[in-house]
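Colleague: I'm new to this structure and would like to learn how to read it. Could you put it up and walk me through some features?

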Amino acid sequence: MPSIKLQPHCSSPAKATIASTPNNPLPALLQTPSGLALLELQGTINVPSGNEEQDNIDYSSTDNPASTFETPIGKLMFPDYSVHNPDDTKWMKRAYMYVGRYQRMTGEVKKLPRPIAVLRKRQASEDEELEVVEIVRYKIFFKSRPEPVTNV
Amino acid sequence: MSTQGSRSILFTHTRPQEGFRLLELTPELEELLTSKDAPLLELKSPSTALAQAVIDPTTHDYVNLCTPIQTYRIRQVQSSNSLHILRPSRGEISQADIKVVEEEPGESGALNLPDEAVTALAKCSSTLELHVPPGGFSAIPFLEKSLRLYDRRSDDDGDIAMGSSADSTAPLGSKEMRMARENVCQDIPVSMAQCEQGWRELCAFVDGAEGVACWRPSARSRLAVWKRLVEGAVLQGINLEKQFLVGDLWKSVLDDDEEMEPPFPRALLEAVVRRICIADERPPLADDIKCESRMDGGRWLQVSGLLTISCCSLGASFDKVECTQWVGETYLAATAPTTSSAIGRSEFLRAWKESLPETWRGEAALTTLPNGCYNSPDPTTICFVEPSQRQPTKKDASAPITAAKAKNTRNWHELLKGHR
């Protein structure tokens, strides 16, 4: 297969994400038209599950919400962010991620040195085709280890 | 506590995860993708046969990302950090599991489910990075392998002339030619503009005489076309430095005797004309768009035959210097292709001058030849050096030094140095 097409735009921009979830709780800076955002962690998220190894790629079931489920992990917080003052970017310096109730990671929101295109296999296309779903310019970045906390 | 009053967002993990890839964009690519009429991009790798014929010393398997005019090599860069792709939650959270996060949902610092949740729906442990190797990308090595070599001289007495091409006065339409060309370019892992640039450089052409086939003329055939072209132009009083009609030039090339087969396909003449009426041998990348429009001009030229040559060279006719250079190089490639067949310098210069229109002969000098295109086995002789064998000095001088460094970005030291 010498050539695979990469479509510059998503075939179904609004369908999957925005329509069913009108509210994007993230700070405006991190919001993208498709709702996708990037979070970088040092380490991984281990989610207990019966089928551990199916973690990675499963193209087939993405369109079927009934078969997906979400496991709560913790909470994200941008303590200095205020909706009333969206132009001030000082809040980016601090972000928290609680894992469970008693562990917290401290991180920040960073502008990516180069924007990142999120690519996905185009669904319902006969040939193998990729599409650019979103171009992301910021990431939430946690580079430190979790610390114990008690006061949540 | 310091976090009081700020909203907390429930963070969940979606299962099954989705498949995404992350591609780091260059500024040009970002601009391209965010523009209103973003073009279709392609991920190209050479066909198996071509990959074996044209070996890239730096890597075995590779994929290139091609915009209409630009090519990038894709490299997968692993990271020890994991990048998660988040999306606002759709609320398929098992309420029983909330306990993990919050003892009693709805209490202080309450989580307002499901609006206030994001979910990680994919994890990527690698990103795709793009880079352009120091020498850039060229279609020529691939074209040389995929096009048939056309090596028939006009004075070969016609017994192996191109089939019955003379009978059909209507040659292939420009559309068929373009399709044939694009078919070849499909398997070549560089952008279409770069394919066309290489195509032009090789004077490649499409001929329909024996079924549609794509050819690249040998140096010998190119030289024969040139000689014939100059002869004809002199006979018909066509000044090659001024604007002229390709149709007239073609007529001047044909023998007076209508019955005779043409010495070579008209497409070959046009390919040669297109090659030498272009000012820069290799325009810098920024000029690629211009160069593409020139190509369009060239195509148009094939269709109507009425357009003057100036259409495909931005207002110039044959450029004396460029053309002289091309003739010299072609002559050398045709007569002294290897060290063992080297010819005398003075002999070469004389022959070179003789193949030029009279007024151009002053241009012919060894210094006019493109850098590195010739070699001197001893002080009196000269021979041709294949482009692939040439010292990589000429273009690299203009290439930014950072490009050379980018070669080893897997090496962290290099990578960091580049960022300073």
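Predicted model: local features only at pLDDT ≥ 70, side-chain atom pairs only at ≥ 80, totals over all residues.

Colleague: Which residues of helix 8 of chain B are buried?

Modeller: Here a residue is called buried if 20 or more other C-beta atoms lie within 10 Å of its own. In helix 8 of chain B, that goes for Arg266(B), Ala267(B), Leu268(B), Leu269(B), Glu270(B), Ala271(B), Val272(B), Val273(B), Arg274(B), Arg275(B) and Ile276(B). Since 11 of the 11 residues of this helix, 266-276, are buried, the rest of the structure largely encloses it.

Colleague: And which residues have the most contacts inside the largest nonpolar core?

Modeller: The general idea comes first: in soluble globular proteins, nonpolar side chains tend to be buried together. In this model the largest nonpolar core has 122 residues, and those with the most contacts inside it are Ala117(A), Val118(A), Ile85(B), Ala204(B), Leu269(B) and Val272(B). Strand 6 of chain A gives the largest share of this core, nine residues.

Colleague: What does the secondary structure of chain A come to?

Modeller: Zero helices and seven strands. Read from the N terminus, the elements of chain A go β-β-β-β-β-β-β. Of its 152 residues, 36% count as buried. Looking at contacts in chain A with a separation of 6 or more, 60% are between residues 24 or more positions apart.

Colleague: Which strand of chain B is joined to strand 5 of chain A by bridges?

Modeller: That's strand 2 of chain B, residues 21-24: four bridges join the two, and they run antiparallel. To find the spot, look for Val118(A), whose bridge partner in strand 2 of chain B is Leu22(B). Strand 1 of chain A also pairs with a strand of chain B, namely strand 3, in the antiparallel sense over four bridges. Ser3(A) stands opposite Lys44(B) there.

Colleague: Are the residues on the two faces of strand 3 of chain B buried or exposed?

Modeller: In a regular strand, side chains alternate between the two faces of the sheet. For strand 3 of chain B, residues 41-44, Leu41(B) and Leu43(B) lie on one side, Glu42(B) and Lys44(B) on the other, and all are buried, leaving both faces covered. Strand 3 of chain B also pairs with strand 4 of chain B, residues 64-66, antiparallel over three bridges. Leu43(B) stands opposite Leu65(B) in strand 4 of chain B.

Colleague: In what order do the strands of the three-stranded open sheet in chain B come?

Modeller: The order is 10-12-11, with antiparallel pairing. Strand 10 and strand 11 of chain B are at the edges with a single partner strand each, so one side of each has no neighbour in the sheet. Two bridges pair strand 10 with strand 12 of chain B, residues 381-384, and the bridge partner of Gly344(B) in strand 12 is Thr381(B).

Key
Residues numbered from 1 in each chain as written. Chains lettered and ligands numbered in written order. Buried ≥ 20, exposed ≤ 12 C-beta atoms within 10 Å, placed from the backbone. Contact = placed C-beta atoms within 7 Å. Pairing = 2+ DSSP bridges. Core = buried A, V, L, I, M, F, W, Y, C linked by C-beta atoms within 7 Å.
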